[in-house]
Amino acid sequence: MSRIVYVNGEYLPEGDAKVSIFDRGFVMADGVYEVVSVLDGKLIDFPGHQARLNRSLDALEIGQPMTDDAYLEMFRALVEKNRINDGLIYLQVTRGNPGDRDFAYPPKDTPQTVVAFTQSKPGLAENPAVKTGWRVITLPDQRWDRRDIKTVQLLYPSMAKMAAKAQGADDAWLVEDGKVTEGTSNNAYIVKGNSIVTRELSNDILHGITRAAVLRLAREAQLQVEERGFTPEEAAQADEAFVTSASAFVMPVVEIDGAKIGSGAPGKIAERLREIYLDEMRKTAL
Ligand code: PMP
């Protein structure tokens with residue numbers, strides 16, 4: 001069945017949805033995006049993603065094409081039109097179509113391009129990989145310096161994901177100045193004793209919406225949280241490791257560069273945080 005997608009105010013069959021070849025997103029990667037998960041037909045942590053979208057748009061001075069309420073209405077319409085029970089909604093906002101290519105930004109009144117589409121993922125929160133955990137490799141972090149902006153500039157993360165797969169791993173943890181920044185499309189954590197360690201917020205990592213919720217819930221559950229960088233060697237010696245993102249929720253990591261982490265099986269704290277997170281998020285879903 002063809003999907004119904006959203007393009008600049010219209011709901012169209014995916015085959016009829018078109019964007020100009022001069023669109024700044026296409027020509028310059030001059031756009032931002034968000035991914036919101038859907039469980040039981042409801043949007044998970046929509047306000048968190050909404051806030052980051054606004055932050056990314058402000059950081060690039062793209063301007064705000066729609067009100068917060070209009071996004072919510074549009075997301076709900078896409079869920080309904082595509083009968084999504086479990087899945088994902090991708091939203092892309094670009095600086096629009098100036099009608100030609102130029103490094104300079106187009107005039108401020110150039111309408112932004114807004115595109116959104118759904119992906120149906122039945123059983124999104126029942127991923128069988130949770131039982132076995134992911135294996136990761138490390139790679140130098142060669143992404144740009146403003147990783148806090150959720151831009152569509154995803155070439156290096158995509159190359160790193162392919163390199164991980166070529167080595168039989170599930171993902172790569174990116175390393176800069178000897179310390180892990182984050183995964184290719186997720187935030188990275190290790191657990192030692194009762195303490196969860198994850199890199200502090202800065203321009204070096206994307207401020208994960210799942211990260212914010214998981215750290216809040218971990219503190220509420222009396223777990224210790226240390227926001228600091230850690231090395232791949234420290235990760236190899238940890239009791240547990242995991243990643244978080246809007247599509248993987250909390251996913252255990254069991255191996256790094258071929259070395260087992262802890263027992264080599266998904267850890268208890270990751271398992272508990274996943275449960276707490278999904279419980280809380282289903283309760284607050286919109
Ligand atoms: N870091 C990067 C580089 C990402 O691409 C993502 C996923 N979009 C995340 C972290 C996790 O962010 P979130 O929890 O908001 O999905």
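**View 1. The largest pocket of this predicted model holds about 800 Å³ of space.** Of the 36 residues that line this pocket, Tyr-33, Lys-150, Thr-184, Ser-185 and Asn-186 are the closest to its centre. When the lining of the largest pocket is sorted by residue type, it divides into 14 nonpolar, 15 polar and 7 charged residues. The model examined here, and in the views that follow, is a predicted one.

**View 2. Helices and strands that build the lining of the largest pocket.** At least two lining residues are supplied by each of strand S3 (31–39), helix H2 (46–59), helix H5 (155–166), strand S9 (179–183), helix H6 (209–220) and strand S13 (240–245). The largest share of this lining comes from H5, which contributes 5 residues. Both domain 1 (4–124) and domain 2 (129–284) take part, since each of them gives at least three residues to the lining of the largest pocket.

**View 3. Domain 1 and domain 2 in contact with each other.** The domain assignment of the protein places residues 4–124 in domain 1 and residues 129–284 in domain 2. The centres of the two domains, taken over C-alpha atoms, are separated by 26 Å, and 21 residues of domain 1 are in contact with 21 residues of domain 2.

View 4. Just after H2, the chain reaches Glu-61, which takes a positive phi of about 50°.

**View 5. The second largest pocket, with about 270 Å³ of space.** This pocket is lined by 14 residues, and those that lie nearest its centre are Asn-127, Val-130, Lys-131, Glu-271 and Arg-274. Helix H4 (129–132) and helix H8 (268–284) each supply at least two residues of the lining, and H8 gives the most, with 5 residues. By residue type, the lining of the second largest pocket divides into 7 nonpolar, 2 polar and 5 charged residues.

Methods:
Residues numbered from 1 in each chain as written. Predicted model: local features only at pLDDT ≥ 70, side-chain atom pairs only at ≥ 80, totals over all residues. Heavy atoms only, no water. 1 Å grid on protein atoms, 1.4 Å probe; cavity = no way out; pocket = protein on both sides within 12 Å on 5 of 7 lines; lining within 4 Å. Points joined across faces, edges and corners; volume = space filled by probe spheres on them. Helix = DSSP H or I, 4+ residues; strand = E, 2+ residues; numbered from the N terminus. Nonpolar A, V, L, I, M, F, W, Y, C, P; charged D, E, K, R; others polar. Domains from an automatic or database assignment. Contact = heavy atoms within 4.5 Å.
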